[in-house]
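Subject: Structure handover and notes

Hello,

Here is the structure I said I would pass on. Please look it over first; my notes follow.

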Amino acid sequence: MSPESLTLNRTQLRREMRQRRRALSVAEQKKASARLKTQVLALPEFLQAKRVAIYLPNDGEIDPTQLIDQARKMGKVCYLPVLQPLVENRLWFVRFDHKTPMTHNRFGIPEPKLKGFADKKRNRCRPEDLDLVLFPLVAFDEHGGRMGMGGGFYDRTFAFTRHRRFAKPTMIGLAHECQKVKDLPIADWDIPLQAIASDQGVYRA
Ligand SMILES: Nc1nc2c(c(=O)[nH]1)N(C=O)[C@@H](CNc1ccc(C(=O)N[C@@H](CCC(=O)O)C(=O)O)cc1)CN2
Ligand SMILES: Nc1ncnc2c1ncn2[C@@H]1O[C@H](COP(=O)(O)OP(=O)(O)OP(=O)(O)O)[C@@H](O)[C@H]1O
C-alpha cells in the first residue's frame with residue numbers, strides 16, 4: 001500500500017490490508033511470529049506487566065501464541081478477548097491457560113468458554129485492571145494509528161482511556177511489517193496506541 005492509499009476510504013483500505021496479510025505464506029507467518037516474539041520480549045512494558053491481554057490469530061494476523069507461552073513461563077497472567085453476550089460490540093477479557101475450556105465466537109475465532117456467573121467473576125479481568133493490551137490490527141501507522149476489523153470492539157472497550165489520567169493499561173499493537181501505511185485515516189473514536197511492535201521493529205507514537 002502506497003501513500004496514495006490515503007485517498008482510499010477505510011473500507012477499501014481494510015480490504016486491501018486484510019488481503020495483504022492473508023497472502024503471507026506459512027513459512028513467512030512462522031518467521032514473522034518468531035521475530036515478533038523477540039521484539040516484544042525486549043519491551044519494558046511487556047517485562048513489567050503482570051496481566052496481559054493478547055489474542056489468538058485470525059485472518060492472517062501475526063501469530064502471538066509463542067508469546068503467550070513465554071508470558072506464562074514468566075509468571076504473567078494472559079487474557080483473551082471474548083465477545084460480550086449482552087452488550088453490542090464490546091469485549092470482555094478472560095483468563096487463558098492451557099486448561100481453559102474454549103469455544104468459537106460468531107466470527108469463528110476461539111475464545112474462552114464461560115460457564116456461569118462464578119466462572120465469569122473468577123476469570124474475567126476488567127479492562128482498566130489489565131497492565132498491557134496487545135491489540136490485533138489490520139493496518140497501522142507510525143503515529144500510533146490503528147485500523148481494526150471494523151466492528152469497533154476494541155475502540156468501544158477502551159474508550160474509557162480517553163477520559164482518565166491513569167497509566168493503565170498500556171496499549172500496544174502487534175502487526176506484520178506489511179500492515180504499515182504512511183498515515184491512516186483516523187476516526188474520532190479510534191483509540192491511539194502507544195506503540196506498535198512488528199516483526200521488523202517497534203514504532204513508538
Ligand atoms: N484475533 C482477533 N480476535 C478478535 C478480534 C480481532 O480483530 N482479532 N476482534 C477485534 O475486534 C474481535 C472480533 N472482531 C471481528 C470483527 C470482524 C470479523 C470478520 O471477520 N468480519 C467479517 C464478516 C464476518 C461475519 O459477519 O460473519 C468480514 O468483515 O469479512 C472478525 C472479527 C474480538 N476478537
Ligand atoms: N467508543 C465508541 N462508541 C460508539 N461507537 C463506536 C465507538 N468506537 C467505535 N464505534 C463504532 O464502531 C464502528 C467500527 O469502528 P472502526 O471501523 O473504527 O472499528 P475498528 O477499530 O476497525 O475495529 P476493532 O476496534 O473492533 O478492531 C464505527 O461505525 C463506529 O461508529
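UniProt positions are given in the numbering used here, with feature names shortened, and the annotations may be inferred rather than shown by experiment.

Before the details, some conventions. This is a predicted model, in which local features need pLDDT of at least 70 and side-chain atom pairs count only at pLDDT 80 or more, while totals for chains, interfaces and linings use all residues. Residues are numbered from 1 along each chain as its sequence is written, and chains are lettered from A and ligands numbered from 1 in the order in which they are written.

Confidence

pLDDT is the predictor's confidence in each residue, from 0 to 100. The protein chain averages 93, and 95% of the residues score at least 70. Over residues 1–7 pLDDT stays under 50. For that stretch the model has 8 contacts beyond four places in sequence, a contact being two residues whose C-beta atoms, placed from the backbone, lie within 7 Å. ipTM and pTM are 0.94 and 0.94.

L56 and E61

L56 lies in the loop between β1 and α4, and E61 has its place in the loop between β1 and α4. Helices (H or I, at least four residues) and strands (E, at least two) are DSSP runs, numbered from the N terminus. A residue is buried if 20 or more other C-beta atoms lie within 10 Å of its own, exposed if 12 or fewer, and partly exposed in between, with C-beta atoms placed from the backbone. L56 is partly exposed because 17 other C-beta atoms lie within 10 Å. E61 counts as buried because it has 22 C-beta neighbours inside 10 Å. Leaving aside residues up to four places away in sequence, L56 touches T65, L80, I109 and P110, and E61 is in contact with R21 and P136.

Helix α4

α4 spans residues 65–73, and its buried residues are L67, I68 and A71. These cover an arc of only 105° around the axis, so they sit on the same side of α4; the arc is that of the directions from the helix axis to the C-beta atoms. The cover over them includes α2 (26–41), β1 (51–53) and β2 (77–83). Just after α4, G75 takes a positive phi of about 85°.

The second annotated stretch

The UniProt annotation "binding site" (unreviewed entry) also covers R146, M147, G148, M149, G150, G151, G152, F153 and Y154. M149 is in the loop between β9 (146–147) and α6 (153–157), and G152 is placed in the loop between β9 and α6. M149 is partly exposed, with 17 other C-beta atoms within 10 Å. G152 counts as partly exposed, with 17 C-beta neighbours inside 10 Å. Beyond four places in sequence, G152 touches N89 and W189.

The two ligands

A residue is near a molecule if its C-beta atom, placed from the backbone, lies within 6 Å of it. Ligand 1 is surrounded by 16 residues, the closest being F107, P136, M149, G151 and F153. By class these are 11 nonpolar, 4 polar and 1 charged. Ala, Val, Leu, Ile, Met, Phe, Trp, Tyr, Cys and Pro count as nonpolar, Asp, Glu, Lys and Arg as charged, and the others, Gly among them, as polar.

Around ligand 2 there are 14 residues, of which G148, G152, F153, D155 and W189 come nearest. The shell around ligand 2 has 7 nonpolar, 4 polar and 3 charged residues. α6 gives the most to it, with 4 residues.

Regards
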